Amino acid sequence: MNLDFKSTINKMNLKNLTLKICLPISCLLSTVVYSQQGIVYPSTHKSVIEDVYFDTNVPDPYRWLESDNAPETIEWVKQQNTVTSNYLATIPFRDTLKARMTALWNYAKYTPPFRAGSRYFYYKNDGLQNQPILFMMKSLQYVPMSYFDPNKISDDGTTAITQTVPSKDGRYMVFVLSNAGSDWNEVRIKEVSNMKTLPDKLGWVKFSNIAWKDSGFYYSRYETPRGDANVYTDKNQNHKVYYHQLNTPQESDSLIFSDSNQPLRTYSASTTEDERFLVISGAESTSGNNILIKDLQTPNAKLAEVVKTFDADFELIGNVGENLIFLTNFKAPRKKLVMINSRNFEMQNWKDLVAEKTDILKTAKFAGGKLVLNYMKDASSHLYIYSVSGKMESEIPLGNLGTVDAINSSNADTLIFFSFTTFTAPATIYRFNIRNNKLYEHAKPRLPFKSDDYETKQVFYLSKDGTKIPLFIVHKKGLVPDGKAPTLLFGYGGFDISKTPEFKPERMVFLEQGGIFAMANLRGGGEYGEEWHMAGTKLKKQNVFDDFIAAAEYLIKNNYTNPSKLAISGRSNGGLLVGAVMTQRPDLFKVALPAVGVMDMLRYHKFTIGWSWATDYGTSDNEEEFKALYKYSPIHNIKSGVSYPATLVTTADHDDRVVPAHSFKFISTLQEKQKGDNPVLIRIDTKAGHGAGKPTGKLIDEQADIFTFMFYNLGMKY
């Protein structure tokens with residue numbers, strides 16, 4: 001801890017004085033009439049709360065909404081949802097649009113098969129099932145049979161399978177379950193041959209891999225306060241790696257690794273396919289990890305810390321004998337494969353198996369004694385087969401601008417299964433045979449529309465500082481830009497995450513009606529490697545917002561649309577993006593759709609796992625970073641008397657990643673200060689989380705409301 005940091009803490013402790021005024025619930029929930037449209041918003045009580053950051057006074061009048069389970073907050077949520085529901089009910093085409101969206105959703109969706117012993121498994125959703133069903137095939141020639149239907153676990157379809165991990169021999173299968181969208185998981189195990197569920201039930205699991213070894217597996221979990229199995233801690237501290245032996249209670253699990261001196265680190269365990277090596281990686285944030293390795297075939301071997309810093313990412317790919325292969329951006333911003341010999345871990349003995357290239361190496365897998373490498377060029381996927389000696393042998397032809405979503409392969413199988421999707425066609429499942437280098441179409445959905453009626457192109461535009469940014473533009477074939485087309489601009493720009501072509505049924509409703517969909521590949525993402533990522537972090541975060549604003553200006557300048565026809569959307573870090581740009585340039589957009597966004601940049605690190613985002617955002621505990629955060633933090637940059645775009649904020653009551661208080665406080669401030677007729681509303685989903693595993697019915701309801709709101713406020717009809 002340096003002196004500057006110490007002085008910061010001391011100053012904050014002395015000067016962050018807080019005064020609360022608590023009023024009775026009857027005062028909190030009185031109502032006021034707002035706007036010429038006659039919308040009646042719940043009056044959100046303002047408390048007298050003020051923090052002092054480095055001599056800057058920052059009011060936080062809606063902090064009481066951070067108590068999301070408090071009775072007054074629950075009542076506030078009900079009233080806000082009522083206002084939003086009543087507003088949407090007045091839009092005459094809401095039911096028609098939802099019916100069409102439901103029809104577009106109703107097609108069979110598949111995942112690539114994965115092998116377990118001699119069997120193959122895959123997920124399939126017939127169309128409108130809340131959760132996909134796991135199917136099993138004894139071989140590719142056998143008729144599939146339903147193996148596990150998560151829709152039968154809960155009546156409302158809110159229990160989802162987040163991981164399925166077979167044992168090496170295919171005898172057992174681990175299922176990791178999430179309820180109501182929570183990041184907290186429960187682990188169950190089935191015996192594959194007879195579908196029997198073992199009595200084992202593991203709780204307190206979060207941010208965990210499942211790594212098989214013999215008749216058990218390694219996993220990660222937190223402890224519960226006071227040992228209460230029904231109460232999860234919200235501190236997310238003291239993550240530990242355990243080994244679970246099948247058919248034993250969780251209480252008898254063996255502690256494999258923990259570090260009480262580093263309570264905020266998370267740890268995940270992996271084993272190589274031959275189960276020879278255990279690899280534990282520790283993380284302090286969303287990027288960078290250390291590595292500990294143990295040779296499980298060597299008696300009394302200890303975990304050796306091979307990577308001691310957190311300056312680069314290391315992902316275990318597998319091993320060739322005593323050599324371990326990692327995908328890393330260590331001294332390679334666009335990533336490479338490095339080989340580390342287990343007999344000599346010293347860095348000077350590491351060898352590049354596949355050196356860094358111009359394109360970005362996204363994923364690598366072993367397959368039938370070879371390697372399949374997924375590269376990204378200008379945010380589009382390319383697949384290659386390499387030898388285990390690191391030599392490129394062939395390319396798997398993909399054709400269009402699109403994304404390889406998942407690759408399933410193993411050294412025991414010469415077949416590679418993967419999915420490929422575009423903006424206008426959902427995932428088609430392919431299999432590639434390494435022996436004959438032939439590509440087969442394994443499963444292709446039948447669609448309720450014609451993909452060939454639409455086109456996708458990629459252009460490049462200049463951001464404020466002259467940086468060239470990629471932009472995908474999707475619309476009907478034959479569209480002639482006249483500056484009047486309703487346009488939806490989407491972005492993310494953070495955490496080294498690449499936004500590549502993906503299919504969303506709800507967007508097709510928009511495209512069918514002559515809309516244009518555009519997606520910008522902003523700095524902060526991973527589209528061009530670690531340098532691109534870092535150019536949109538901490539003190540450089542404004543670059544991300546400038547990139548997005550420049551994308552909007554490009555679309556307007558090139559006659560695709562105009563500000564009265566332009567909507568913007570983003571989720572999570574993308575919700576922050578929307579909140580920041582709509583407050584910086586409210587004149588540029590007609591509709592804003594921030595979803596589950598990080599909106600309070602001064603306090604985000606105080607909730608659940610928020611502290612781990614500091615490598616991208618910085619924190620308000622640092623004076624220089626505070627100034628940057630305060631300058632763009634959406635909640636703190638809403639000004640009185642400004643006409644902001646028509647806004648529909650979306651969040652969920654069980655979001656334990658980006659807590660709903662971000663959205664609650666943002667919409668309260670916006671409703672207080674908005675000027676003009678544009679509605680500013682919030683839609684708060686119940687029994688749902690950050691997004692993963694949300695039932696199909698809830699997804700359709702949510703997206704139908706979002707697109708109804710957008711259509712109506714862009715002057716569209718349906």
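## Model confidence

This is a predicted model. Mean pLDDT for the protein chain is 91. A value of 70 or more is reached by 92% of the residues.

Residues 1-36 stay under 50 in pLDDT. The model still has 58 contacts for residues 1-36 beyond four places in sequence. Residues 229-233 also have pLDDT below 50. That stretch has 14 contacts in the model beyond near neighbours in sequence. Where pLDDT is low, the predicted coordinates should not be read in detail.

## Helix α11

Helix α11 covers residues 661-673. From first C-alpha to last it reaches 18 Å, close to the 18 Å expected at 1.5 Å a residue.

The buried residues of α11 are A661, H662, S663, F664, K665, F666, I667, S668, T669, L670 and Q671. An α-helix has 3.6 residues a turn, so residues three or four places apart point the same way.

Strand β23 spans residues 314-320. Five of its seven residues are buried, so the rest of the structure largely encloses β23. In a regular strand the side chains alternate between the two faces of the sheet.

Strand β24 covers residues 323-328. β23 pairs with β24 in the antiparallel sense, over six bridges. L316 has F326 of β24 as its bridge partner. Together β23 and β24 form a hairpin, with two residues between them. In the turn, G321 has a positive phi of about 65°.

Conventions:
Residues are numbered from 1 along each chain as its sequence is written. This is a predicted model: local features need pLDDT of at least 70, side-chain atom pairs count only at pLDDT 80 or more; totals for chains, interfaces and linings use all residues. Side-chain values use heavy atoms; hydrogens and water are left out. Helices (H or I, at least four residues) and strands (E, at least two) are DSSP runs, numbered from the N terminus. The expected span of a helix is 1.5 Å times one less than its number of residues. Buried means under 20% relative accessible area, exposed over 50%, partly exposed in between (1.4 Å probe, protein chains only). pLDDT is the predictor's confidence in each residue, from 0 to 100. Contact means heavy atoms within 4.5 Å. Two strands pair if DSSP finds at least two bridges between them.
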